Amino acid sequence: MPSPAPSFQARSHDFAPYAPCHNWIAGQWTPAASGETLPVHNPRHGEVLGHVALSGPDDVARAVAAAKAALPGWKDTPLKERVQVLFRLKHLLERDLDELSWLVSHENGKVLPEARGDVLKGIECLEYGLSLENMAQGEQLDVSRGINCSTSHEPLGVCAGVVPFNFPVMVPLWMLPQALAAGNTFVLKPSELVPYGAMKLASLLQEAGLPDGVFNTVNGAQPAVEGLVDHPDVKAMAFVGSTRVARLLYARGAALGKRMLCLGGAKNHLLVAPDADPELTATTVVASAYGCAGQRCMAASLMIGVGDVQAIVDQIAAITRKLRLGEDMGPVISQAAVDRIHRYIDQAEQMGAKVLVDGRRVAAPGGRGHWVGPTILDHVRPDMPAGCEEIFGPVLSIVRARTLDEAIAIENASSYGNAASIFTTNGAVARHCLERFEAGMCGVNVGVPVPREPFGFGGWNDSLFGHGDLTGYDGFRFWTRPRKVTSRWSLSKDATWMS
Ligand code: NAD
């Protein structure tokens with residue numbers, strides 16, 4: 001019997017409570033064995049939107065058992081048939097785009113166009129999975145007379161994914177299309193702060209015809225994640241979240257011999273050369289720093305002004321002051337996030353940075369919720385916490401450098417390596433930077449250099465533990481293992497070195 005998730009009715013920012021979020025196991029909504037739950041807050045209102053299951057080892061065991069039971073049937077389904085489910089899912093995501101966008105906006109706090117972007121980018125990632133039916137044919141070659149070698153891409157088995165709060169629909173769709181198209185079954189641990197996007201995905205996957213047990217969720221926090229990575233039947237895990245957890249989980253899973261790919265946090269550098277186009281640079285830097293209230297792993301959190309870029313800084317400050325809270329920019333995820341962001345601003349100010357635009361004392365739209373206004377810290381030094389640590393909020397730190405190479409050296413010294421961009425009208429300057437940046441995703445005159453599909457997503461250094469990108473063809477490689485077959489079928493008696 002299909003068990004659809006209840007529809008989310010809100011079509012405005014007015015507070016609307018929502019259903020309990022149970023685990024999704026073998027096609028059924030299943031409360032945590034302990035009966036425990038956590039509250040899920042709507043960050044705009046600071047009110048409890050609903051409750052999510054707080055899972056432990058028994059729940060993990062149930063979800064993994066369901067995924068294991070579904071594996072033989074799904075693995076033996078031809079890839080071209082498996083992909084049909086994903087085609088139908090794309091149609092259903094488009095059908096429910098409004099509902100999903102409002103739901104993401106309510107659970108995460110993003111303003112509606114950003115929430116739509118979350119779903120639409122998720123659909124684009126899904127499209128990559130759909131195309132695998134035309135790209136995953138493997139390779140073959142006659143390597144000798146009558147001898148053929150071929151490679152096919154085999155599923156790994158039961159796989160798992162752990163995702164962060166900032167993109168409730170898109171990040172699960174960085175993993176699911178390739179993992180499911182490849183013939184694996186899956187257990188997802190959504191973020192306990194925003195579990196509803198994944199709840200809707202589970203329901204839509206069932207409506208799209210995915211057999212029960214192929215996709216499951218276990219909700220909750222650290223114990224659910226540790227239970228999953230330690231479970232002997234889980235063969236591979238992808239993680240997206242903070243560097244602290246990415247590093248811990250990678251080590252834990254790798255020590256157990258599992259295939260792990262763990263994407264971590266970021267401190268993204270935007271270098272602005274004096275010859276940069278002022279208007280394009282100012283609007284793009286602002287959009288990058290404050291989109292999703294700065295809670296993007298690709299947000300510009302550090303701008304390095306090279307030489308005299310004062311006119312551009314003034315323009316950035318002028319645009320920033322005009323941003324409307326609640327309309328152009330949403331709240332941050334929690335009160336804990338507000339406190340952390342305030343601490344970074346206070347500390348930078350105490351250490352000598354100039355608070356050019358101050359988001360600490362802002363009027364909260366509606367008088368409640370978790371708000372920090374857009375903030376600019378100028379004359380930050382790279383060794384200040386605001387200059388080298390991930391703040392994950394609407395704070396743009398500006399460091400001043402005398403030369404391009406000094407700016408590049410600051411970027412290179414960061415322990416992270418997700419993104420770096422150069423703003424310039426000079427191709428040689430752009431090339432000089434691109435050849436030297438220590439970042440996996442680089443841009444020229446682009447504030448958020450997220451590669452669009454089919455180009456894979458993944459950083460370097462402390463922004464990614466493991467090998468390869470999570471999306472694109474690397475994603476398919478991550479969720480599969482190559483089988484090499486050498487066969488001899490020949491009527492000829494010719495001897496070859498293999499015979
Ligand atoms: P987080 O690391 O706190 O949580 C991510 C997931 O890990 C959640 O599902 C959470 O329940 C779980 N978790 C938390 N602590 C854990 C622990 N000790 N052991 C095991 N699991 C644990 O991250 P977040 O606050 O949800 O998300 C923000 C972070 O994610 C930022 O650092 C951001 O840069 C990063 N992020 C990175 C990317 C990327 O592509 N590199 C994309 C999105 C977000």
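Me: What makes up the lining of the second largest pocket, by class?
Reply: The lining has 11 nonpolar, four polar and six charged residues. Ala, Val, Leu, Ile, Met, Phe, Trp, Tyr, Cys and Pro count as nonpolar, Asp, Glu, Lys and Arg as charged, and the others, Gly among them, as polar. Keep in mind that this is a predicted model: local features need pLDDT of at least 70, side-chain atom pairs need 80 or more, and totals for chains, interfaces and linings use all residues. Residues are numbered from 1 along each chain as its sequence is written, and side-chain values use heavy atoms, without hydrogens and water.

Me: Which residues lie nearest the centre of the second largest pocket?
Reply: Lys 121, Met 170, Arg 296, Val 448 and Val 450 do, out of 21 lining residues. Helix H4 (112-131) and helix H9 (278-290) each give two or more residues to this lining. H4 has the largest share, six residues. The volume is about 450 Å³.

Me: What makes a space a pocket and not a cavity?
Reply: Work on a 1 Å grid over the protein atoms alone. A cavity is a set of points where a 1.4 Å probe fits but cannot get out. A pocket is an open set, with protein on both sides within 12 Å along at least five of seven lines. Lining residues have an atom within 4 Å of a point. Points are joined across faces, edges and corners, and the volume is the space filled by probe spheres set on them.

Me: Which element gives the most to the lining of the largest pocket?
Reply: H8 does, with six residues. Helix H7 (222-230), strand E10 (234-240), helix H8 (243-255) and helix H11 (335-350) each supply at least two. Helices (H or I, at least four residues) and strands (E, at least two) are DSSP runs, numbered from the N terminus. By class, 24 are nonpolar, 11 polar and seven charged.

Me: How many cavities of 30 Å³ or more are there?
Reply: The count is three. The largest cavity has about 80 Å³ of space. Its lining includes Ala 266, Arg 296, Glu 390 and Phe 392. The second largest cavity has about 40 Å³. Trp 24, Leu 205 and Asp 212 are among its lining residues, and helix H6 (residues 196-207) gives the most, three residues.

Me: Why is His 231 called buried?
Reply: Buried means under 20% relative accessible area, exposed over 50%, and partly exposed in between, with a 1.4 Å probe and protein chains only. His 231 has 16%, so it is buried. It is found in the loop between H7 and E10. Leaving aside neighbours within four places in sequence, His 231 is in contact (heavy atoms within 4.5 Å) with Val 60, Ala 61, Val 64 and Lys 258.

Me: Is Leu 464 buried or exposed?
Reply: Leu 464 is at 10% relative accessibility, so the word is buried. It sits in strand E19 (residues 464-465).

Me: And why is Ala 26 called partly exposed?
Reply: Its relative accessible area is 34%, so Ala 26 falls in the middle class. Ala 26 also has a positive phi of about 50°, although it is not a glycine. Asn 461 has a positive phi too, about 55°. Asn 461 is partly exposed at 33% and lies in the loop between E18 and E19.

Me: What makes a set of residues a nonpolar core?
Reply: The members are buried Ala, Val, Leu, Ile, Met, Phe, Trp, Tyr and Cys residues, joined through side-chain atoms within 4.5 Å. The largest core here has 64 residues; Leu 93, Trp 174, Met 175, Phe 186, Phe 215 and Trp 479 touch the most other members. A second, separate core of 61 residues includes Val 313, Val 357, Ile 391 and Val 429. In soluble globular proteins, nonpolar side chains tend to be buried together.

Me: Where is the peptide bond that is cis?
Reply: It runs from Glu 453 to Pro 454, with omega near 10°. Pro 454 lies in the loop between strand E18 (441-444) and E19.
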